[in-house]
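Visitor: Hi! Could you walk me through this one?
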Amino acid sequence: MKKLCMILVFIFFAGYSSAQIGESFQLPSSEVEKYATPLATWSGTYFNSGGYYTASVPKTFGFKLSLIGMMIFIPEDQQTFDIYPYDGYDGDEKSATFFGDEGAAVLGSEGFIIYPPGINMSSVPAGIPQIAFSFMGAEALIRYFPKLDIGDVEVNLIGWGLKYNFSQLIPGLPLDIAAQILFNNFEAVHPDTELNTANMAFNIHASKAFDSFIVYGGLQYESTNMDYTYTYEDLDNDVTERVDISVEGENNMRLTLGVAVKVAVLAFNVDYNIGSQNALVAGINFEF
Amino acid sequence: MKKTSKIIFLMAALASISLFNGCEEIGNIELNVPLVIKFNVSGSETSASDKVAFCLNEYPEWQDNKDKIEKANYFKAAYWTIKVDPVALKGNISFVLKDNINNVLISGTLNDVSPADYINGKEFEVGQDQIDAFNQYLNDIMLNEDPSCQNPSFNAGFSITDITGGTPYDIDCKVELILKTEVSPD
């Protein structure tokens with residue numbers, strides 16, 4: 001049984017969609033967008049998670065290495081979409097999104113219009129490592145891996161973030177308050193498909209420490225854009241066309257509530273994120 | 001410091017593992033596979049027919065996935081008129097799909113119709129007994145189909161009878177069968 005792993009969701013999509021959407025399914029781009037939108041939302045939920053577990057930032061130099069794991073829950077209404085294969089279509093059929101199950105087949109003027117199936121998953125795990133450096137109440141966060149060849153798909157990630165604890169400017173505040181901005185770009189290139197996601201997040205978060213126990217929460221605005229390019233082989237006319245599609249994720253706002261425990265140089269945190277797709281996030285952080 | 005470097009190494013190792021593990025199993029993917037059967041009839045008689053023998057392996061969507069298809073079932077079938085001349089032609093249209101020893105699996109009839117009315121297609125209503133017979137045969141032959149197709153798995157027939165509306169006539173048409181397959185992602 002093949003397993004679907006974290007960032008490999010994208011690789012699977014890149015290879016799979018090239019084979020399935022580009023060749024077998026001659027769908028209008030508007031329908032491909034509806035099929036792929038939950039994947040863009042998943043991308044945003046993934047890359048925009050795990051940015052913090054405390055608003056406190058060391059006033060002197062600090063270093064943090066974090067390993068973030070998460071489970072992202074795909075709501076039922078993002079597993080199917082209402083199809084509209086051509087102007088004037090008056091049916092009420094639904095078809096699977098990337099995370100759904102069965103693809104539809106509806107009568108078209110030149111044959112059945114066949115929709116791709118999904119991978120039939122309602123919760124998708126993901127993980128990401130990151131390092132952060134802090135100085136004078138400000139923190140820089142980096143997520144990166146160089147170009148990797150995985151099968152016939154080449155992937156790379158670069159992400160960064162900046163955070164500032166502005167509560168240090170207001171003496172006497174009973175809790176720490178910080179603002180953070182995050183940018184993450186992920187690219188997967190298949191010989192017939194290119195997929196690029198650009199993710200941005202801005203949040204205000206607060207935390208309160210009780211000895212080694214931390215309670216934290218935040219409100220985050222975020223956006224995701226997924227550019228998707230595939231080649232389409234028109235076998236009837238013996239031509240190959242390149243199709244470019246840009247999909248906006250539906251992740252816009254999220255509320256995060258979490259707790260963390262510090263044990264010597266390690267901190268363990270868990271938080272729940274309520275947004276377009278909810279996510280349970282846990283982290284192990286080594287810091288000094 | 002030695003302990004610190006060990007922790008960093010362990011975290012880095014865990015981080016790299018975390019990118020590619022912690023996975024969830026993907027189940028079979030339900031892929032719709034179209035089988036298109038094209039016919040042509042022409043002439044001046046009051047009836048005409050065409051026959052096509054075919055194998056599943058002739059269809060690229062099946063061929064591409066056949067090693068991973070674990071199950072296949074009938075999903076939908078429909079008839080399309082691609083071209084008809086004269087447009088006013090009328091008759092009784094019949095389609096039949098038989099196995100390799102000519103047992104009828106699926107059949108459909110449209111009585112006293114004009115082929116020109118089906119340029120945009122017409123879905124067949126197929127009875128459950130025919131669907132069961134088709135599914136049984138399909139799953140019997142799909143693993144053992146002759147790659148060279150010297151003994152075709154299916155025999156399809158199209159006929160139009162009681163033709164009125166002008167001669168000579170010429171009809172290009174097709175029947176499309178959609179199979180719902182379960183494809184292993186392995």
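Visitor: Which residues does A:Met226 touch, leaving out those up to four places away in sequence?
Guide: A:Met226 touches A:Ala36, A:Leu39, A:Ala40, A:Ser43, A:Leu195, A:Thr197, A:Val247 and A:Gly249. Contact means C-beta atoms, placed from the backbone, within 7 Å. This is a predicted model: local features need pLDDT of at least 70, side-chain atom pairs count only at pLDDT 80 or more, and totals for chains, interfaces and linings use all residues. Residues are numbered from 1 along each chain as its sequence is written, while chains are lettered from A and ligands numbered from 1 in the order in which they are written.

Visitor: Which residues have the most contacts inside the largest nonpolar core?
Guide: A:Ala36, A:Ile72, A:Met226 and B:Val175, in a core of 78 residues. Such a core joins buried Ala, Val, Leu, Ile, Met, Phe, Trp, Tyr and Cys through C-beta atoms within 7 Å; buried means 20 or more other C-beta atoms within 10 Å of a residue's own, also placed from the backbone.

Visitor: Which helix gives the most to it?
Guide: Helix H2 of chain A, residues 29-47, with eight residues. Helices here are DSSP runs (H or I, at least four residues), and strands are too (E, at least two), numbered from the N terminus.

Visitor: How many H2(A) residues are buried?
Guide: 16 of its 19.

Visitor: Where does H2(A) bend?
Guide: At A:Ala36, by about 40 degrees, with A:Pro38 following within four residues. The angle is between axes fitted to the seven residues ending there and the seven starting there.

Visitor: New topic: what joins S5(A) to S6(A)?
Guide: A hairpin, through two residues.

Methods: Buried ≥ 20, exposed ≤ 12 C-beta atoms within 10 Å, placed from the backbone. Contact = placed C-beta atoms within 7 Å. Pairing = 2+ DSSP bridges.
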